[in-house]
Amino acid sequence: MTDLGIDEVIADLVEKQRRLSAYIDGCIAQDDVSPTEVVRLLALHGQNASRLGRLLRDRQALAGPELDELTAAIGLALDELSEELGIEL
């Protein structure tokens with residue numbers, strides 16, 4: 001088994017987040033799942049976004065101060081998502 005670097009883990013999670021987002025959009029558009037299931041999927045989407053944000057912050061901490069602006073923007077976006085979704089991210 002090969003150890004993955006943080007960039008590979010982030011790229012993998014971003015791809016999975018894109019797929020989950022497309023799946024959710026399809027479910028909503030086709031009315032394939034119950035509202036309860038959509039809420040669960042959206043909660044999972046939010047949790048993944050939070051994990052992605054933490055990974056990006058970790059990468060920034062490893063890389064140094066040059067990514068401070070990006071980190072601040074990600075933090076603000078996560079705070080807004082958290083408030084909008086009503087869950088802690």
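This is a predicted model: local features need pLDDT of at least 70, side-chain atom pairs count only at pLDDT 80 or more; totals for chains, interfaces and linings use all residues.
Biologist: Fine. What makes Arg18 and Glu15 a salt bridge?

Modeller: Their closest N and O atoms are 3.9 Å apart, and the limit is 4 Å, so the pair passes. Both sit in helix α1, and because they are three residues apart there, about one helical turn separates them.

Biologist: And what makes Glu15 and Arg19 a salt bridge?

Modeller: Here the N to O distance is 3.2 Å, so that pair is also within the cut-off. These two are four residues apart in helix α1, which again means about one helical turn. Glu15, Arg18 and Arg19 end up in one network, joined by salt bridges that share partners.

Biologist: Why is Arg18 called exposed, and what is Glu15 called?

Modeller: Exposed takes over 50% relative accessible area, buried takes under 20%, and partly exposed is what lies in between (1.4 Å probe, protein chains only). Arg18 comes out at 55%, so it is exposed, and Arg19 at 57% is exposed too. Glu15 has 32%, so partly exposed is its label.

Biologist: Which pair ties together parts that are 52 residues apart in sequence?

Modeller: Arg59 and Asp7, whose closest N and O atoms are 3.0 Å apart, which makes them a salt bridge. Arg59 is in helix α2 (residues 35-63) and Asp7 in helix α1, so the bridge spans that separation. At 26% Arg59 counts as partly exposed, and Asp7 at 42% gets that label as well. By the salt-bridge rule the count comes to five.

Biologist: How do you know that the chain follows the pattern α-α-α?

Modeller: Helices (H or I, at least four residues) and strands (E, at least two) are DSSP runs, numbered from the N terminus. The chain has three helices and zero strands, and reading along the sequence gives α-α-α.

Biologist: Why is Gln17 called buried?

Modeller: Its relative accessibility is 10%, so it falls under the 20% limit. Gln17 is in helix α1 (residues 6-30). Contact means heavy atoms within 4.5 Å; leaving aside neighbours within four places in sequence, Gln17 contacts His45, Asn48 and Ala49.

Biologist: How much of the chain counts as buried?

Modeller: Of its 89 residues, 25%. As for contacts with a separation of 6 or more, 62% are between residues 24 or more positions apart.

Biologist: What makes Asp79 part of a negative surface patch?

Modeller: Patch residues need over 30% relative accessible area and no salt bridge; like charges are joined within 9 Å, and nonpolar side chains (Val, Leu, Ile, Met, Phe, Trp, Tyr) within 5 Å. Lys and Arg count as positive, Asp and Glu as negative, and His and the chain ends are not counted. Asp79 has a relative accessible area of 52%, so it is over the 30% limit, and it is exposed too. The patch consists of Asp79, Glu80, Glu83 and Glu84, and Asp79 is in helix α3 (residues 68-85).

Biologist: How far apart are the mean positions of the positive and negative charges?

Modeller: They are 6 Å apart, for 8 positive and 18 negative charges. Each charge is placed at NZ of Lys, CZ of Arg, CG of Asp or CD of Glu.

Definitions and conventions
Residues are numbered from 1 along each chain as its sequence is written. Side-chain values use heavy atoms; hydrogens and water are left out. Accessible areas come from the Shrake-Rupley method with a 1.4 Å probe; for residues, only the protein chains shown count as cover. A salt bridge is a side-chain nitrogen of Lys or Arg within 4 Å of a carboxyl oxygen of Asp or Glu.
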